[in-house]
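Hi everyone, thanks for making time. Let me put the model on the screen, and then I'll walk you through it.

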Amino acid sequence: MSRALPRQPRLPRRHRFLRLALANALALPHVVAFANVVAACLPVKAQAATLGLPAIQPVLGQLDELFAKADAVAYLAQFEPDHPGAHAQLRQQLLSSFAPGVPLQRTSTLLGKPRQFGARTVVRVHFEVRAADGRSDALYAHDAMLAFRSAAGDPTARPVPTFCVEVPAEFGSLPNDLFRCPACNYELGGVAGWLCVPQRNDRAQALEAASFYLIGTDIACDLSVRIEDPLPSTGQVSGAGETPAGQPLAVVERLAAALRRLDPTVRPGIAVPWLPENHRAAATATTAPATTPGATGIAGAQLAVDLPADRANPDGSRAVFHVVTLGALQHLMLVRGGQRSLQEHAPAVAALLNSYRMLDVDCDRALAAARPLAHHTGGELAGTTYRNTQWNVAVEGPNGWQPGLRSGGNLFRVVWTSPQGSRLWLLGYATPEGMTKWCRETADLWFREMCAEKGLTIVASTDATSTWKQDQGCSADSRLVTCTAPIRVPVLQSAPGGSVAAQQRLFRLVVRDDMFLVLDGQARSDDEWAQVRAAMASLRLP
Amino acid sequence: MMGPNKPERGNSDHGGDEFLDWNEIEGTFEGRSFPSESEWMNLPAPPIADDFVARTLAALRETARHETDQHGTNLRSDQPEVATEGAAEGTVVGHLLTPDLLAAFKAPEPSKDFVARTLQAVQDDRRSRWRDLLAKYVAPEPSPEFVARTLRALANDGNLSPRPAARSRAHARWGVVRSSLSKPWFLSLMALAAALFVVVILQPTTPAPFEQRVADSARPSLASTYAANPLPAVLAALESSDDPEALPSGGASGMWLLLHREGR
């Protein structure tokens, strides 16, 4: 026999209201948590709102304060880095900026409008660094691209910087992040999500360079343009498996070998033929392998290098060299990032690489190499005489010596080589980034540093020519320096009428506000030394 | 049972017994002690007698001759040849083995796991030797008798020579420390701390990011060191290997020059 449950007494109205309010208050956190879980599971389709300049400025001010305190740890802790490699380079730059006993102060100025890359807002910032004592000659200025992250849908939240990389001040903003150089005969970029950051050629060690960053990830693609140098006339080979210059397979293998010398823990793979999509169809139509120049005249290769696990990528990372060649002209593209990131964003990487296009595939090979050199260096050879109208430099090289233009990070780079293997170099160094001009002290400092790099010993001299003085033939200061170099080549038998002096190097240093010029002579006989000295004396800087 | 041929020692002063120079008690041979394990590999090869080749060829020829005359030879493995006149008593001269006997003494085929078993045995032997060596440096846990005896001795020592108050406090503290050291739990704690210390020190450090490793290998005065990408360093290394004598083709770091100018 069932019995009805006793009915609970009915609460007064106000008590019922209180009970309802209490129940809602207790349930609200659970409802919010459930909503967050649901929101996290849903694909994010709406992009974060673009951060405004008023939100970013305070963050820059805080970074400036930490910079003035020389507190690199706290400075870097403000970041939640997307790209650990770039963050590590930022740390390197900060530590080099903080010299003991030299307090600095920095001011930041936002340039242009913020740009949106997915969930990131990218801005360009101009930094000016001065010595805290107010000395103007300690001014260091540079621009940088910074990326910020904010909470989606919460523009009031403090932006968090995630990325910072320097950009040369002389480079303006690139429309659509498309990097194009008709002189170097290529274009790359213009793909959504990729930020293009040009590089100074002296820092990039190339005629022209840029880096593309997939904002929000640790993936980057570094671009460089170089002209393959012919082997020195001394007969030195470029490496194991000597191959004709310009073969893209050999180029990527040499690049991987050079990388392995820097970091022995890397594991290079095997070079394989490769061409971007824009040129792949033409190459396959000729049935010729991509490595051999087909009807298009271009060839390409790629080589993947596996990198060990590190603090940034516990699963390891990868660097893939891509090269496209047209004769001696080389377009290098280094794609790097974590293994997992590269797999996850493979379509984006492929889209960037396939955006590469050589503008003139039927260009004459000699012209393809000469045009970038002429455009970026401004000089040309007429016989053994070198003239550079861009920098107002003229040098008459030694008669009977073979002249050659070289690429690199210099303003210009010329070498004359004698039949016996003697050489005369002409090198021009631009005003380094951050400095306003060269002076005698910085020129000497840089020269000593280069000598230390190459193991050269400066010979002390009391000769009048060894001190800086205004040169009559040049609108600049000049001096001569003698160095001794370690012998790396077999000592040749003495030439007729002369004696062997293969271990001596003679330098003529010329410094001007906008340029530091070095003439580097290395001769193997007295006659050739006389030719070297005559060539050095022929230098004109009107 | 016929034994193996004993090599002739015509130049021996001991009548052909090559084991006379072996001193089993002192563990020496010809007055020299056995070398250590690490010295084995560096030992020079033993000297080869001048007549070794001749003797070997003669023995081989003798074997071949006996094989061809096998039917006419009446050799039995249990009957060694009688020593000839002039030789020392008991010397066995010209012991020859037939191919059947050689086959009987042929080394058997090694089993499939012979190598593994041998390696395991070697490892076990080395392990036990290391354990024995290390055991010498592991302090044994003090026995209760030792603790009691030590405490009695300390107490007696304290009674016999009363110390000044300050020294007595220091000695009291030291006594507390020594008493703690004698406790098993304290020793265990110290061992655990030492083990943790060794693990932390020996733990392989995770390498820095790739870009930082490349930048760290470059000179700070070069502009390419601050390039935020590793390609310039690779190109610089490439150019340096192609032409080691040429000056760098890259530029200088303006910040480095400014900060290092005038010796700052």
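Let me start with a question: in which loop is the place of Asn185(A)? The answer is the loop between strand E5 (178-181) and strand E6 (186-189) of chain A. When I say strand or helix, I mean DSSP runs, with helices being H or I of at least four residues and strands being E of at least two, numbered from the N terminus.

Before going on, some housekeeping. This is a predicted model, where local features need pLDDT of at least 70 and side-chain atom pairs count only at pLDDT 80 or more, while totals for chains, interfaces and linings use all residues. Residues are numbered from 1 along each chain as its sequence is written, and chains are lettered from A, with ligands numbered from 1, in the order in which they are written.

Back to Asn185(A). Its phi is near 70°, a positive value in a residue other than glycine. Asn185(A) is buried, with 21 other C-beta atoms within 10 Å. Here buried means 20 or more other C-beta atoms within 10 Å of the residue's own, exposed means 12 or fewer, and partly exposed is in between, with C-beta atoms placed from the backbone. Asn392(A) also has a positive phi, near 55°, and lies in the loop between strand E16 (385-388) and strand E17 (393-396) of chain A. Asn392(A) counts as partly exposed, with 16 C-beta neighbours inside 10 Å.

Now some strand pairing, which takes at least two DSSP bridges between two strands. Strand E1 (residues 104-117) and strand E2 (residues 120-131) of chain A run antiparallel and are joined by 11 bridges. Thr107(A) stands opposite Glu128(A) in E2(A). The hairpin of E1(A) and E2(A) has two residues between the strands, and Gly118(A) takes a positive phi near 60° there. E2(A) also pairs with strand E3 (residues 140-149) of chain A, antiparallel again, over 10 bridges; His126(A) has Asp143(A) in E3(A) as its bridge partner.

Further along, strand E18 (residues 402-405) and strand E19 (residues 412-417) of chain A pair in the antiparallel sense over four bridges. Gly404(A) has Val415(A) in E19(A) as its bridge partner. With six residues between the strands, this hairpin has Gly408(A) at a positive phi near 155°.

Which residues have the most contacts inside the largest nonpolar core? They are Leu146(A), Val165(A), Leu195(A), Phe212(A), Val252(A), Leu255(A) and Val234(B), in a core of 148 residues. A nonpolar core is a set of buried Ala, Val, Leu, Ile, Met, Phe, Trp, Tyr and Cys residues joined through C-beta atoms within 7 Å. Helix H6 (residues 248-262) of chain A gives the most to this core, with eight residues.

H6(A) has 15 residues and reaches 21 Å from first C-alpha to last, close to the 21 Å expected at 1.5 Å a residue; the expected span is 1.5 Å times one less than the number of residues. H6(A) is mostly covered, with 11 of its 15 residues buried. Those buried residues include Glu253(A) and Arg254(A). They pack against strands E10 (267-268), E12 (299-307), E13 (317-326) and E14 (329-338) of chain A, together with helix H8 (231-242) of chain B. Leaving aside neighbours within four places in sequence, Val234(B) is in contact (C-beta atoms, placed from the backbone, within 7 Å) with Leu255(A), Ala258(A), Leu259(A) and Leu262(A).

Across the whole interface, 70 residues of chain A are in contact with 52 residues of chain B. Helix H4 (residues 84-97) of chain A gives the most to chain A's side, with nine residues.

Chain B itself has nine helices and three strands, and buried residues make up 16% of its 264 residues.

Finally, confidence. The model scores ipTM 0.81 and pTM 0.66. The mean pLDDT of chain B, the predictor's confidence in each residue from 0 to 100, is 72, and 65% of its residues reach 70 or more. Among chain B's elements, helix H5 (residues 165-181) has the lowest mean pLDDT (61) and H8(B) the highest (89). Over residues 1-17 of chain B the pLDDT is below 50, and residues 73-94 of chain B are also below 50. Where pLDDT is low, the predicted coordinates should not be read in detail.

Conventions: Contact = placed C-beta atoms within 7 Å.
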